[in-house]
Amino acid sequence: MATNAAIRGRIRPQLSPFARFTRYFLKPDLEGEPRILRWFIIVVVLGGAAFMALPLWWNIRTAFLDPSDYSHMPLYWFPPKPTLENFRRALQTPNLVRGYLNTLILAAIRTVNAILVNLTAAYAFSRLRWRGRDAIFMIYLATMLVPGDTAGIQQFIILRKLGFYNNWLGLGTPFQMSVFNIFLLRQFLIDIPRDIEESARLEGCSEFQTMRYIILPLAKPVIAVVVLGVVQGAWSDFFWPLIMTKKEEMRTAAVAITRLGSVPATVTMAATFLLDAPIVVIAQFAQRYIVETFSRSLSVE
Amino acid sequence: MAYIAKTAPAAARAAHETKRKLISRNTIVAFLFLLPSLIGFGIYVAWPLIFGIYAGFTDYRGLSAPKWVGLDNYIKLFTTDDTFWRSLRVSMLFVFILTPANMLLGLIVAIGLNRNIPWRAIARTAYYMPSLVSGVGTTLVWRVLLDYEYGIVNQVIKSLGGEPVGWLNVDMLMNMFWSVTFMSVWRGFGMTMLIYLAGLQSAPQQLYDAAKVDGASRLQRFATVTLPAIQPMTFFLLIGQVMANMNTFTSIYVLAGSTVDSTYARMKLITIPIYVYQTVYFYLFFGYGTAIGWVVFLLLFAFTFMQFRRVYMPSAQRKAAKYAGAEVA
C-alpha cells in the first residue's frame, strides 16, 4: 500500500497538525489570496455583526423578561420564563397607547403628504416641459443651504403664531415639502424614456392618467425608498413632536415613551420593542431598493 | 405659387400660435402639479425664513411683540454668552470624533461585506438595523445596557476585574460624553456602510482586472480604482455626517433621563441643539434663538454650500442636459 502510494508520488513528509493548519491557511484560494485573509474577514465581519445585534437582542430579551428576574445576578442572556406581562402593562398606559395611535396618524399624514406634495413637484420638475422649470428647481434646492436647526427655529415661531401649536396642523405639517425627497424622485423620474409617455399620450391618456398609470408603476423603487424614509422619520422623529406638542394626548409614541415615569425597565423595553418592530419589518421589504436608489441618484459615473 | 406665398407665413404663424398655446397649457398643468409644494414652500420655508431674518434683530420672547434692537442679540452672543461657546465646543468635539469614526468603520465594513462571505445578507441587516430603528428606542436600550448596577457593560467590566463605571451619571460629563459617543457610532455607521456598499458595487470590475493584469498590489488597486469610484459617496457622507453630528440631541436628552420638562437642567452636556432647545423651546426667547440659528447657519454654510454645488447642482444639471438631449433626439 505504502509503496504504491509512494510510486504515485502521493506520500508527503509527515507534518505536525500545527504545520498542516498553517499550510492550509497560507495556501492561496481561487482569488490568489491566502485563505487566512478570507477567514480573518469572515470572523471580523460576522463578529462585528453579532456585536451590533447585541443591543437589539438585549431589547427583546428584557422585553420578555419577568420583572423580578431583571435584577438577577449573573444577568440572564435568555429570559428563563418568557412573559407578556410587560407588554400588557405597557399597553395599559393610556398615554402610550394614544402615542402609538398618534404615531400611526403622523406616519399616514406624512406619507400622503410625500405623495401629494413631493411626487407631484418632482413630476413637474422632470416629466413636464415649462418655462422656468430649472430656475424654480434651483430655488427649491437652494433652501437646503439653510440647515434644519436654523429653519426649525423659524418654523416653530411662525407655526406657533399661526395656531399650529399642539395640533395636527403643526405636528403633521401637511404641505411641508422635503426638497431632498423631491430631488431623489426627480433624479429617478427624469431617467424614464420619453417615448413611453408619448405613446401613452397618443393613446389618449391625460396628464394625470399618464402619471398615474405609466410613470408611477415604473418609479416604484424610488417611491418605496421615499415612503420608507417618511414612515421611518415619522416613527422615530423626536425633536419636532417634542417641541410642537404640550398636551399629553398629542404626544407621539417616541415622546410618550420617554415620559412613562417610574416604571420597571422591562416595561420600557416592551414599549420600545413595540415602537421599533414595525420599522424593522417594513425595512425588510424596502432594503433592496435603498442601495439601488442611492447608487442611481448620487452622481456616480 | 401665389397661393403658397400667401399662406406660408400664415401657416407659420398658426404653427407658432399653437406652439405658444402649447407652452402656456403646459405651464398651467405644471403649475397645478407644483401647487401643493408651492403652498408648502410659502408657509413652511419662505415666510419663516424672511421673518427669521427680521426676528434675529429683535427682542422677541413668548407672547410679547417683537421689538427692534438692532445687533444686540449678535453682540451678546459673541461677547458674553459663554454657554453658547461651550455648546459649540461640545458639538465640534462630536463632529471631529464621530465623523471620521462613522465613515472609516462604514467603509471598512462595506469592503468586508462586498466580498462573497457566508451570511452576508444577515450581517448587512445587523449592521444597518441600528440606524433604522428610532433614536429614542436605541437610547433607552443603551440606558439598560449602561445601567450602573444591572447593565451588561458594567457586568463585563466587573467580571474582568474592573470597577463599575457610572456611565449615565449626569454629573460626570466625560462619562456621559463617551456614552453618547459610543452609542452614536453604534447607531451611525450602518447608514454610511450601506451608502459605501452602493458605491463599491458600482466600481467597474474591468478596471480591477486591468490593474491586476498590470501587477498592481491590493493597496494600489484600492487607491487607484476603489477610492475614485466611491469619491462621490465620500463627499456626500462627509457633509451629511458633519451636519448630523453637529445636531446631537436625542441621545443626550433621553440619556439624561428627562421625564418632565423641568429636568432640562440635568442636561449639562450641552450641544448646540440642546442650547437651542433650552433657549427657544423652553424659555421662548425667540429673537435670541433665531440669532443663534443664523450663527449656526453661517458656521455650516461652507458645508451646505459645497453640498449644494458638488452634489445637488451638478447632478441636477447633468440630468437636465441629458433630458434636453433626449428631447432633441
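Residues are numbered from 1 along each chain as its sequence is written, and chains are lettered from A and ligands numbered from 1 in the order in which they are written. Because the model is predicted, local features need pLDDT of at least 70 and side-chain atom pairs count only at pLDDT 80 or more, while totals for chains, interfaces and linings use all residues.

Student: How many residues of chain B are in contact with chain A?
Tutor: Two residues are in contact if their C-beta atoms, placed from the backbone, lie within 7 Å. On the chain A side, 82 residues take part. On the chain B side, the number is 92.

Student: Which helix of chain B gives the largest share of the side that touches chain A?
Tutor: Helices here are DSSP runs (H or I, at least four residues), numbered from the N terminus. The largest share is 22 residues, and they come from residues 286-328, which is helix 13 of chain B.

Student: How is chain B divided into domains, and how many Å separate their centres?
Tutor: The bounds come from an automatic or database domain assignment. Domain 1 of chain B covers 51-80 + 285-316, and domain 2 covers 81-284. Taken over C-alpha atoms, their centres are separated by 27 Å.

Student: Which element gives the largest share of the side of domain 1 of chain B that touches domain 2 of chain B?
Tutor: The contact takes 17 residues from domain 1 of chain B and 14 from domain 2 of chain B. Helix 2 (72-79) and helix 13 of chain B each give two or more residues to the domain 1 side. The largest share, 11 residues, comes from helix 13 of chain B.

Student: Are helix 3 of chain A and helix 5 of chain B roughly parallel or roughly perpendicular to each other?
Tutor: Helix 3 (residues 35-63) of chain A and helix 5 (residues 135-145) of chain B have axes 10 Å apart, at an angle of about 80 degrees. Axes are lines fitted to C-alpha atoms over the stretch in contact, and angles run from 0 to 180 degrees between N-to-C directions. Angles of 65 to 115 degrees count as roughly perpendicular. Therefore helix 3 of chain A and helix 5 of chain B are roughly perpendicular.

Student: Which residues of helix 5 of chain B make that contact?
Tutor: Helix 3 of chain A brings A:Pro55, A:Trp58, A:Asn59 and A:Thr62. From helix 5 of chain B come B:Val141, B:Trp142, B:Val144 and B:Leu145.

Technical notes:
Angles under 35 degrees count as roughly parallel, over 145 as roughly antiparallel, 65 to 115 as roughly perpendicular and the rest as oblique.
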